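Welcome! Here is a guided walk through a protein for someone meeting it for the first time. Please keep the picture open as you read.

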Amino acid sequence: MRPGRGVNHQPTNCEADVLVNSIGDLLEQEYGAGARISTNSWGGQSSEFGGEYTLRTREIDVAVWDREDFLVLFAAGNDGPSGFNDYAACKNCVAVGASE
């Protein structure tokens, strides 16, 4: 961890303390709080087939494109071999996956 930096926790909709209008807003809040690395492990497929480029995926791409010193990682999926998370389909983030 970089000296003078800490850990920033962003509640998600399932934690209901703080709700954001979009994933772009969430990433902007993280960046504004000093985060330069954002790790995200959200469950399941986001669309019917998974791995699709959606409006949310585009919001991630725009947020990262505008901030060259911001690294955003997403889990490729949390449902085993059954699907690929749409968030990990963005072009300006790193998708992280594993196999057995």
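The paragraphs below go from the overall layout to the core, and then to some individual residues.

Let's begin with the whole chain, bearing in mind that this is a predicted model. The protein contains two helices and three strands, and read from the N terminus its elements follow the order α-β-α-β-β. Of its 100 residues, 33% are buried. The accessible surface comes to about 6,600 Å², and carbon and sulfur atoms account for 50% of that area. If you look at contacts between residues at least 6 apart in sequence, 62% of them join residues at least 24 apart.

Now turn to the inside. The largest nonpolar core has 13 residues, and those with the most contacts inside it are Ile23, Leu27, Ile60, Val72, Phe74 and Cys93. Helices H1 and H2 and strand S2 each supply at least two residues of this core.

Next, how many aromatic pairs does a search of the whole structure find? The search finds two. A pair of aromatic rings is described by the distance of the centres and the angle of the planes. For Tyr31 and Phe70, the ring centres are 5.3 Å apart and the planes meet at 70°; over 60 degrees counts as edge-to-face, so this pair is edge-to-face. Tyr31 belongs to helix H1 (residues 23-32), while Phe70 is in the loop between helix H2 (55-65) and strand S2 (71-75), so the pair ties together parts that are 39 residues apart in sequence. Is Phe70 buried or exposed? Its relative accessibility is 4%, and because buried means under 20%, Phe70 counts as buried.

The other pair is made by Phe74 and Tyr87, and it is stacked, with 5.5 Å from centre to centre and 15° between the planes. This pair also links distant parts of the chain: Phe74 sits in strand S2 and Tyr87 in the loop between S2 and strand S3 (94-96), 13 residues apart. Both partners are covered by the protein: Phe74 is buried at 1% relative accessibility, and Tyr87 is buried with a relative accessible area of 9%. Leaving aside neighbours within four places in sequence, Phe74 has contacts that include Ile23, Trp42, Ile60, Cys93 and Val96, as well as Tyr87.

Go back to Tyr31 for a moment, and look at the charges around its ring. The charged end of Arg36 sits over the ring of Tyr31, 3.6 Å from its centre. Arg67 also lies over the face of Tyr31, at 5.4 Å from the ring centre.

Along strand S2 you will also find Ala75, which is buried with a relative accessible area of 12%. Which residues does Ala75 touch, once neighbours within four places in sequence are left aside? They are Asn40, Ser41, Asn85, Ala88 and Val96. Ala75 and Ala98 are 23 residues apart in sequence, and their C-alpha atoms are 9.3 Å apart in space.

Our last stop is Thr57, in helix H2. Thr57 has a relative accessibility of 0% and counts as buried. Its side chain is joined to that of Thr54 by a polar contact of 3.0 Å. Setting aside neighbours within four places in sequence, Thr57 is in contact with Glu52, Asp86, Ala89 and Cys90.

How values were computed:
Residues numbered from 1 in each chain as written. Predicted model: local features only at pLDDT ≥ 70, side-chain atom pairs only at ≥ 80, totals over all residues. Heavy atoms only, no water. Phe/Tyr/Trp six-rings, centres within 6.5 Å; stacked < 30°, edge-to-face > 60°. Helix = DSSP H or I, 4+ residues; strand = E, 2+ residues; numbered from the N terminus. Buried < 20%, exposed > 50% of the residue type's maximum accessible area, 1.4 Å probe, protein only. Lys NZ or Arg CZ within 6 Å of the ring centre and 35° of its normal. Contact = heavy atoms within 4.5 Å. Core = buried A, V, L, I, M, F, W, Y, C linked by side-chain atoms within 4.5 Å. Areas by Shrake-Rupley, 256 points an atom, 1.4 Å probe, with all protein chains shown as cover. Polar contact = N/O pair within 3.5 Å; in protein donor to acceptor, adjacent residues only side chain to side chain.
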